[in-house]
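Here is a short report on one protein model.

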Amino acid sequence: MKHSAKDLLRSVAMAFSVFSRVPMPKVEWKPENQRYLLASFPLVGVLIGLVLAAWWALCRWLSFDSILFAAGVTLLPVLVSGGIHLDGFCDTVDALSSHASAERKREILKDPHVGAFAVIGISAYLLAHFALATELVDDSGALYILFLIPAMSRAVAGYVSVASQSSGEGMLSAMRDSAPEESANQALIVWFVVLAVVMLAISPFAGLFVALSAALSGWLVSKMAMRQFGGMSGDLSGYLVQVSELAMLCALMLTQRVMWIWFW
């Protein structure tokens, strides 16, 4: 096996070790093992998508209603990922709510304590996610796009994290320094394009708006990160994963409803 192939496998193992609760062989934290880590990031989303697909199949088999299905759609990604991205979401909400300087906001991101605004933010997020999931139309083929959303959110967050200016030191900076920037960008763009094409193949109307909502989320968060924090960080990347997933879920639900009205 070539050295690059070994590096790839180690990077994939590290991606699952860092961004999920899936047991993985222990891999030494060194630059060559992180070379393809960010490019492998969407694979964690692929796994979450498969878990959601299995949950959907189980709910159909046992005739569970939309409320229990929506609870699984909301909680299963958290269980698989270990909540690492929700942690970044909470820290970012706390920092943004401080209305302080960029330097002070970066300090808040590093603070391990949870503020009141983080609690409010995560409560509102989970409630919104659950409510949107209850409105998904099970009889629509467009529902299959739901299983691609976790991979798409990580492709967007990975690309923005690599392509944007870094706000300083941290895990994300170490990953960026270890990865060839051009190849990581290209790999993440390929991830985005392939996922977008599959979404369009499933449903041209829903796929278009879901993919656009993912791209728009990435653009808006990257602009916010530069303006408010001076660049991207690991917490902001996690924030982008969560925000883009909520935006894509909203886009999927609305397009499903529009198609339901038009065709039924």
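A salt bridge here is a side-chain nitrogen of Lys or Arg within 4 Å of a carboxyl oxygen of Asp or Glu. The model is predicted. A search of the whole structure finds three salt bridges.

**Salt bridges**

| Pair | Closest N and O atoms |
|---|---|
| Arg 154 and Glu 245 | 2.8 Å |
| Glu 135 and Arg 257 | 3.0 Å |
| Arg 104 and Glu 107 | 3.2 Å |

Take Arg 154 and Glu 245, whose closest N and O atoms are 2.8 Å apart. The pair links distant parts of the chain. Arg 154 sits in helix H7 and Glu 245 in helix H11, 91 residues apart. Are these two partners buried or exposed? Arg 154 has a relative accessible area of 2%, so it is buried. Glu 245 has 8%, so it is buried as well. The cut-off for buried is under 20% relative accessible area.

Glu 135 forms a salt bridge with Arg 257, with 3.0 Å between the closest N and O atoms. Glu 135 lies in the loop between helix H6 (116-134) and H7, and Arg 257 lies in helix H11 (residues 234-263), so the pair ties together parts that are 122 residues apart in sequence. Glu 135 is partly exposed, because its relative accessible area is 36%. Arg 257 is partly exposed too, with 32%.

An α-helix has 3.6 residues a turn, so residues three or four places apart point the same way. Arg 104 has a relative accessible area of 41% and is partly exposed. Glu 107 counts as partly exposed at 40%.

**Cysteines**

How many disulfides does a search of the whole structure find? The search finds zero. Cys 59 counts as buried, because its relative accessibility is 4%. Cys 90 is buried too, with a relative accessible area of 11%.

**Helix H4**

Cys 90 is one of the buried residues of H4. Others among them are His 85, Leu 86, Phe 89, Asp 91, Val 93 and Asp 94. Helix H4 runs over residues 84-98 and has 15 residues.

Helix H7 (149-163), helix H9 (181-202) and helix H10 (204-229) each supply at least two residues of the lining. H7 gives the most, with five residues. By class, the lining has ten nonpolar, three polar and no charged residues.

H7 holds Arg 154, the partner of Glu 245 in H11. H7 also gives five residues to the lining of the second largest pocket.

Terms used. Residues are numbered from 1 along each chain as its sequence is written. This is a predicted model: local features need pLDDT of at least 70, side-chain atom pairs count only at pLDDT 80 or more; totals for chains, interfaces and linings use all residues. Side-chain values use heavy atoms; hydrogens and water are left out. Helices (H or I, at least four residues) and strands (E, at least two) are DSSP runs, numbered from the N terminus. The expected span of a helix is 1.5 Å times one less than its number of residues. Buried means under 20% relative accessible area, exposed over 50%, partly exposed in between (1.4 Å probe, protein chains only). Ala, Val, Leu, Ile, Met, Phe, Trp, Tyr, Cys and Pro count as nonpolar, Asp, Glu, Lys and Arg as charged, and the others, Gly among them, as polar. A disulfide is a pair of cysteine sulfur atoms within 2.5 Å.
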